[in-house]
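Here are some notes to read alongside the model. They start with the pocket and then turn to the sheets.

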Amino acid sequence: MPNLTRLGLPGTEQAWAALGFTVTDGAFRVGQVTCVLGEAAWGFDETHAAPDTLGVPHLGAADSRADRQPRPAPGGTPPDHPGPGASGNAAPDPVATAHPNGVTIIDHVVYWAPEMDAAVADLSAVLGIPPRRRFFPRGPEGPEMAFYRVGEPFIEAVASGLPAALVGVAFLTPDLDSAVAAVRAAGGPIGDPKPAVQGGRIAGVWRGHVNWGVAFMEPKPRP
């Protein structure tokens, strides 16, 4: 089974620290996944076809360890270093650590696809596995979705009718109330917990915080 091992996230160190994450040199670790600040992207420990067919930047191991100095603003002076993928300024991946928000793993990442048949064909070719499930979780009026297990997280592929893009992430915590309190204590803009479509509870971060979808989830209680 392929594993999602790297995830590129938009936003600054300050923005992610305000969500209760311990960020070091532009990166932090959540379970098996190294999160690298910069742009929305992903990386897997194995692929079976060219990952660029998915329309999402692919992070190789060198990219996730590259020197993580802040990127210049558009039109600004490039930083004086080789940039992602350079071997000369590589730094070790961050080790797993306890985050103040209590997050333990990534529950899922959200992938928008123009059309589901093509998305399933491409994802299955790249990952080398079929989807675990493909259905309309919000009923026939809602979008069709397909779910792929990639290690700890799922990929939640959504037929959006829009260009392919990685648009959000949901983090899993055993205590959502404590997570929300920790995020608010750190200055992060997060809503109140509410029931999640997939069971359990979810609390969403104001989208403008990093101009991307971020949520915290608590699993449904075991019977």
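1. The largest pocket is lined by 41 residues. Those nearest its centre are Asp 107, His 108, Glu 156, Gln 198 and Met 217. On terms: the search uses a 1 Å grid over the protein atoms alone, and a pocket is an open set of points where a 1.4 Å probe fits, with protein on both sides within 12 Å along at least five of seven lines. Lining residues have an atom within 4 Å of a point.

2. This is a predicted model, in which local features need pLDDT of at least 70, side-chain atom pairs count only at pLDDT 80 or more, and totals for chains, interfaces and linings use all residues. Numbering runs from 1 along each chain as its sequence is written, and side-chain values use heavy atoms, with hydrogens and water left out.

3. The space in the largest pocket comes to about 1,100 Å³. That volume is what probe spheres set on the points fill, with grid points joined across faces, edges and corners. By class, the lining has 24 nonpolar, 11 charged and 6 polar residues. Asp, Glu, Lys and Arg count as charged; Ala, Val, Leu, Ile, Met, Phe, Trp, Tyr, Cys and Pro as nonpolar; the others, Gly among them, as polar.

4. Strands supply much to discuss here. S5 (105-113), S8 (154-159) and S12 (213-218) are among those that each give at least two residues to the lining of the largest pocket. S5 has the largest share, 6 residues. Strands (E, at least two residues) and helices (H or I, at least four) are DSSP runs, numbered from the N terminus.

5. Two strands pair if DSSP finds at least two bridges between them. S11 and S12 are antiparallel over 4 bridges. Arg 201 has Glu 218 in S12 as its bridge partner.

6. Axes are lines fitted to C-alpha atoms, for helices over the stretch in contact, and angles run from 0 to 180 degrees between N-to-C directions.

7. A further open sheet has 4 strands, ordered S2-S3-S1-S4, with mixed pairing. S2 (27-30) and S4 (41-44) each have a single partner strand, so one side of each lacks a neighbour in the sheet. The twist averages 20° from one strand to the next. S1 (residues 4-9) and S4 pair in the antiparallel sense over 4 bridges. Trp 42 in S4 is the bridge partner of Leu 7.
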